[in-house]
Amino acid sequence: MTASEAGTKLTLLCEGRDVSGGDLEALYRYPEDLDRPWVRSNFISSLDGGATVEGLSGGLAGPGDRSLFNVMRTLCDVVVVGAGTVKLERYGGAQLSASARAARERRGQAELPPVAVVTDTGRLDRDMKVFTHTEVRPLVLTSADAVPEAQKQLFGVAEVLGCSGADRSRVDTAVLLDRLGERGLLRVLTEGGPTLHASFIEAGLLDELCMTIAPVIVGGQARRISTGPGQVDTEMKRAHLLADESGYLYTRYVRAR
């Protein structure tokens, strides 16, 4: 569904013009001729920096945000999500319209992007929605130590990949991207959660951030979009800024080179 189909008009603020459909895909297109995975994250935040309402990010979303969510899924090769977010947000497989699927096939992509679940322990219930409500078999990106048990537990419903570096009990973010790159999944979209997001940032592997700013203040103890032990100073440059009539802002920032 595009923003216009959802009844939401998006305006490109730097040019003062309305955009929809193909314009949006052009604004969010990945770089051409990639020779390594390019990591894009998509998040939403309140005005005071909260990433959730009552523990869920969906409470902040509006029609424009949901339409851009679909645009980004249409363009990516794989959706990478932490296991905690998959459980909390009740993730299923990606769902796209017939026109979006056709556009992907014209670009040489699979009809639907798989969801890749990141988990150190590999302990996932095979009855989770991500395994039962999907047209594409998910990937499970886990530690080397967890692979044998996870393969037995998830046999027939997921492909399990070991993604450890020196520490066999943990997923290494760089190795994770290597595994995706080996499968030609170069256009990476991560949708959270905050801990996984932080791992990309701390490793210097986040190429761009697409963040919706919702016109609400939530207060309380809402989490930020990134939660981790390390702090880094990663300079970003604005690629574009969109707005809608409901007061939402849609930002896209790319890492400065």
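Leu 154 touches Leu 124, Arg 126, Phe 131, Val 140 and Val 160, leaving out residues up to four places away in sequence; touching, or contact, means heavy atoms within 4.5 Å. The model is predicted, and local features need pLDDT of at least 70, side-chain atom pairs count only at pLDDT 80 or more, and totals for chains, interfaces and linings use all residues. Residues are numbered from 1 along each chain as its sequence is written, and side-chain values use heavy atoms, with hydrogens and water left out.

Leu 154 is also part of the largest nonpolar core, which has 41 residues. A nonpolar core is a set of buried Ala, Val, Leu, Ile, Met, Phe, Trp, Tyr and Cys residues joined through side-chain atoms within 4.5 Å. Buried means under 20% relative accessible area, exposed means over 50%, and partly exposed lies in between (1.4 Å probe, protein chains only). Together with Leu 154, the residues with the most contacts inside this core are Leu 24, Tyr 28, Leu 68, Leu 124, Phe 131 and Leu 242. Helix α2, residues 63-75, gives the most to the core, with four residues. A second, separate core has 19 residues, among them Cys 163, Leu 177, Leu 180 and Leu 206. In soluble globular proteins, nonpolar side chains tend to be buried together.

The chain as a whole comes next. Its secondary structure comes to eight helices and eleven strands. Helices (H or I, at least four residues) and strands (E, at least two) are DSSP runs, numbered from the N terminus. For 257 residues, a compact globule would have a radius of gyration near 18 Å, and the 18 Å of this chain agrees with that. The radius is taken over C-alpha atoms, and the globule rule is 2.2 Å times the number of residues to the power 0.38. Along the principal axes, the C-alpha atoms fill a box of roughly 55 × 45 × 35 Å. Of the 257 residues, 48% are buried. Among contacts with a separation of 6 or more, 67% are between residues 24 or more positions apart. The accessible surface comes to about 12,500 Å², and 48% of that surface belongs to carbon and sulfur atoms. Accessible areas come from the Shrake-Rupley method with a 1.4 Å probe; for residues, only the protein chains shown count as cover.

Ser 45 is found in strand β3 and is buried, with a relative accessible area of 6%. Beyond its neighbours within four places in sequence, Ser 45 is in contact with Gly 50, Leu 60, Met 211, Thr 212, Ile 213, Ala 214 and Ile 225. Ala 61 lies in the loop between β3 (38-45) and α2. With neighbours within four places again set aside, Ala 61 is in contact with Ile 44, Arg 66 and Tyr 248. From C-alpha to C-alpha, Ala 61 and Ile 213 are 9.3 Å apart in space, while in sequence they are 152 residues apart.

Charged side chains form another set of links. The whole structure holds 19 salt bridges, each a side-chain nitrogen of Lys or Arg within 4 Å of a carboxyl oxygen of Asp or Glu. In one of them, Glu 191 pairs with Arg 73, with the closest N and O atoms 3.0 Å apart. This pair links distant parts of the chain: Glu 191 is in the loop between β8 (187-190) and α8 (194-202), Arg 73 is in helix α2, and they are 118 residues apart. Both Glu 191 and Arg 73 are buried.

Another salt bridge joins Arg 179 to Glu 182, with 3.4 Å between the closest N and O atoms. Both residues lie in helix α7 (residues 173-182), three residues apart, which is about one turn of the helix. Arg 179 is partly exposed at 25% relative accessibility, whereas Glu 182 is exposed at 55%. Salt bridges that share partners join Glu 159, Arg 179, Glu 182 and Arg 183 into one network. Lys 9 and Asp 18 form a salt bridge too, their closest N and O atoms being 3.8 Å apart. Lys 9 is partly exposed at 39%, and Asp 18 is partly exposed at 43%.

The cysteines remain. A disulfide is a covalent bond between the sulfur atoms of two cysteines. Here it is counted as a pair of cysteine sulfur atoms within 2.5 Å, and the count comes to zero. The sulfur of Cys 76 is 12 Å from the closest cysteine sulfur, that of Cys 210, so the distance is too far for a bond. Cys 210 is likewise in no disulfide. Cys 76 is buried at 0% relative accessibility, and Cys 210 is buried at 2%.
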